[in-house]
Amino acid sequence: MTAKVTGVSDFPDAFKKQRNASGIGQMDDQNDPVNMLLGLKDVRKAAHNCTVFQSGAKPGRIVIPSEVAIRETRQIPFEVDPPEHGGFRELLNPWFKRPLDDAYQASLQQIIDDTIDYALRAQSLDIVSEFALPLQSKALTLLLNTTMDKAQTWIDWGTHVFRSENSDLDGDKANILYDYIDHEIDKAIANPSDDLYSVLLAAQVNGQKMTKEQVKGVMILTFAGGRDTVINAITNSIAYFSENISDLQRIHDEPEIINRAVEELIRYFSPLTQMGRVATEDTQVCEHAIKADSRISLCWASANRDESVFKNPNNVDFDRKVNPHVSFGFSHHNCLGATHARQLLRQLVLSLASKVASIDIIKADENIEKLGEFSRKVGFNRLQVSIKAK
């Protein structure tokens, strides 16, 4: 079944014209220009070529908007290139695959059920601040293997740890996260436990004991990397089902399609628009010169709508058999938290399908990213809904 998306859950392809015209776009980011790669083939090729397009540049520079002005700590393994990158992934992969364990999924299910039950009791609620944010924060306690009471602190930070209503880069807000992580690392040193802080502090990578700074880099990535992206994915999926409730009923009737459905929602909404790399030498992409030490963008959102790869890319198709989307990145820097995010969405959508009869939008405030010549809807600042039980 293919649904042409309309209404509040319509996320237009902001990049189609430029992708078809030249395959590349431009934007300025704090006087550090970015060449945006728009086609899936070029995005995947550049993501795989870490020799020419590195992640291990100055900390914060591969992020768009750049975080150079608000942090000096290198996010790990996100801002580390091979071969050092491999050692960090080898250490971290088993921990971040824990969402596949039955006990983990049972605990996650309880969090999801409690969140949905709260929504069903409410006359109406804002899906962003009252549903997606608490769900993401409580689920994170499982990923870190820490206590649920921590979640309220994280909820109080809001939907993004580096951005506020007045600024895309709020240094004061970022420092709250950094100070929090420093405090938690010191606590773990004094009283080791079985949480992620303690595991990292006791670990060796590439033959050397991890430093406090390296542990901090992993934790900053864990808190920041999967926050607004997961919140976007949850909120946008609920917006979709509000206008396509028959698809939710289909998932209830055919639970075997859940994996395809989640992958298609993630492709269509692309919760993270792009990620950068820094050129190590003069090169070119799409016949466009790329100078050494300049930045490129791997524009996941554009690549996921590439008509040369995806049939009817602006439709949501739960029967899409081949779906090589890049919403979780590509190659060696494929998102470390992808297993957690996928499992959360699978269990959430299945639970919504079993419990929810209707979702009515009351008010929607769209979150529009300004990206040079492009404006892209990435999610919602607020999505007020009323949810009715079956």
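Reader: How many disulfides does a search of the whole structure find?

Author: Start with the general idea. A disulfide is a covalent bond between the sulfur atoms of two cysteines. Now the case here. This is a predicted model, and a search of the whole structure finds 0 disulfides. Take cysteine 299. The nearest cysteine sulfur belongs to cysteine 286 and is 12 Å away. Cysteine 299 is in no disulfide. Cysteine 335 is in no disulfide either, with the sulfur of cysteine 299 the nearest at 17 Å. The cut-off for a disulfide is 2.5 Å between the sulfur atoms.

Reader: Are these two cysteines buried or exposed, cysteine 299 to begin with?

Author: Cysteine 299 is buried, because its relative accessible area is 0% and the limit for buried is under 20%. Cysteine 335 has a relative accessible area of 33%, so it counts as partly exposed.

Reader: Next, the nonpolar core. Which residues have the most contacts inside the largest one?

Author: The general idea again. In soluble globular proteins, nonpolar side chains tend to be buried together. In this model the largest nonpolar core has 90 residues. Those with the most contacts inside it are Phe131, Met219, Phe223, Ile234, Phe241, Ile251 and Phe318. Helix 5, residues 127–144, gives the most to this core: 11 residues. There is also a second, separate core of 24 residues. Among its members are Val43, Val63, Met275 and Val326.

Reader: Now sheets. What is the strand order in the open sheet of 3 strands?

Author: The order is 5-14-13, and the pairing is antiparallel. Read it from the bridges. Strand 13 (residues 356–371) is joined to strand 14 by 14 bridges.

Reader: Which strands stand at the edges?

Author: Strand 5 and strand 13. Each has a single partner strand, so one side of each is left without a neighbour in the sheet.

Reader: How many residues lie between strand 13 and strand 14 in their hairpin?

Author: The hairpin has 2 residues between the strands. Look at glycine 372 in the turn: it has a positive phi of about 60°.

Reader: How do I read the two faces of a strand? Which residues of strand 11 lie on each side?

Author: In a regular strand the side chains alternate between the two faces of the sheet. Strand 11 covers residues 295–298. Arg295 and Ser297 are on one side, Ile296 and Leu298 on the other. All are buried, and both faces are covered.

Reader: Which strand runs parallel to strand 11?

Author: Strand 3, residues 34–37, joined by 4 bridges. Valine 34 stands opposite arginine 295. Strand 8, residues 275–279, pairs with strand 11 in the antiparallel sense, also over 4 bridges. In that pairing, arginine 277 stands opposite isoleucine 296.

Reader: On to single residues in helices. Where is phenylalanine 269?

Author: Phenylalanine 269 lies in helix 12, residues 258–269. Its relative accessible area is 1%, so phenylalanine 269 is buried. Now compare sequence with space. Asparagine 314 is 45 residues from phenylalanine 269 in sequence and 10.0 Å away in space, C-alpha to C-alpha.

Reader: And lysine 212: which helix holds it?

Author: Helix 9, residues 212–225. Lysine 212 is at 45% relative accessibility, so it counts as partly exposed. Lysine 212 and leucine 200 are 12 residues apart in sequence. In space they are 9.1 Å apart, C-alpha to C-alpha.

Reader: Last feature. How many cavities of 30 Å³ or more does a search of the whole structure find?

Author: The search finds 1. About 50 Å³ of space lies in the largest cavity.

Reader: Which residues line the largest cavity?

Author: Phe11, Pro12, Asp13, Ala14, Phe15, Tyr268, Ala301, Arg305 and Arg376. By class, the lining divides into 6 nonpolar, no polar and 3 charged residues.

Terms used:
Residues are numbered from 1 along each chain as its sequence is written. This is a predicted model: local features need pLDDT of at least 70, side-chain atom pairs count only at pLDDT 80 or more; totals for chains, interfaces and linings use all residues. Side-chain values use heavy atoms; hydrogens and water are left out. On a 1 Å grid over the protein atoms alone, a cavity is a set of points where a 1.4 Å probe fits but cannot get out, and a pocket is an open set with protein on both sides within 12 Å along at least five of seven lines; lining residues have an atom within 4 Å of a point. Grid points are joined across faces, edges and corners, and a volume is the space filled by probe spheres set on the points. Ala, Val, Leu, Ile, Met, Phe, Trp, Tyr, Cys and Pro count as nonpolar, Asp, Glu, Lys and Arg as charged, and the others, Gly among them, as polar. Two strands pair if DSSP finds at least two bridges between them. Buried means under 20% relative accessible area, exposed over 50%, partly exposed in between (1.4 Å probe, protein chains only). A nonpolar core is a set of buried Ala, Val, Leu, Ile, Met, Phe, Trp, Tyr and Cys residues joined through side-chain atoms within 4.5 Å.
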